[in-house]
Amino acid sequence: MRKSTPKKNSIISWIIIGIGSLLAIIGAMITQEYKVNLWLTIGFLVIVAGIIYHLVMVRCPYCGHSLAGYRPLPKDCPKCHKMFGD
């Protein structure tokens, strides 16, 4: 089984966060009053899931060092200095 790259996991997490944002926007637009509805709650939970996925999965495939704070993602691991395969 091939290990996934940090770049691929980062893209997946941003897609999850984007879907959650769209759900939250739909929830905010369909409400008649300022209150929390089902769409808004689901959107918020999907955004939180995307953030957790990003924090857990965007790591070096060799040593497991977290790359969650690096922008842009580095080409090699700052800890073990091995190059990531794309």
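View 1. Ile 17 is buried, at 15% relative accessibility, where buried means under 20% relative accessible area, exposed over 50% and partly exposed in between, with a 1.4 Å probe and protein chains only. This is a predicted model, in which local features need pLDDT of at least 70 and side-chain atom pairs count only at pLDDT 80 or more, whereas totals for chains, interfaces and linings use all residues. Residues are numbered from 1 along each chain as its sequence is written, and side-chain values use heavy atoms, with hydrogens and water left out. The residue Ile 17 lies in helix 1, helices being DSSP runs of H or I with at least four residues and strands DSSP runs of E with at least two, numbered from the N terminus. Leaving aside residues up to four places away in sequence, Ile 17 touches Ile 47, Gly 50 and Ile 51, a contact being heavy atoms within 4.5 Å. Ile 17 and Val 48 are 31 residues apart along the chain, and their C-alpha atoms are separated by 7.8 Å.

**View 2. The packing of helix 1 against helix 2.** Two packed helices are described by the angle between their axes and the distance between the axes. Helix 1 and helix 2, the latter spanning residues 38–57, pack at an angle of about 165° with their axes 7 Å apart; the axes are lines fitted to C-alpha atoms, for helices over the stretch in contact, and angles run from 0 to 180 degrees between N-to-C directions. Helix 1 is therefore roughly antiparallel to helix 2, a term for angles over 145 degrees, while those under 35 count as roughly parallel, 65 to 115 as roughly perpendicular and the rest as oblique.

View 3. Ser 21 belongs to helix 1, which covers residues 6–30, and counts as partly exposed at 27% relative accessibility.

View 4. The peptide bond from Arg 71 to Pro 72 is cis, with omega near -10°, and Pro 72 sits in the segment after helix 2. At 56% relative accessibility, His 81 counts as exposed.

View 5. The protein chain has two helices and zero strands. Its radius of gyration, taken over C-alpha atoms, is 17 Å, well over the 12 Å that the globule rule gives for 86 residues, so the chain is more spread out than a compact globule; the rule is 2.2 Å times the number of residues to the power 0.38. Along the principal axes, the C-alpha atoms fill a box of roughly 55 × 25 × 15 Å. Buried residues make up 26% of the 86 residues. Among contacts with a separation of 6 or more, 41% come from residues 24 or more positions apart.
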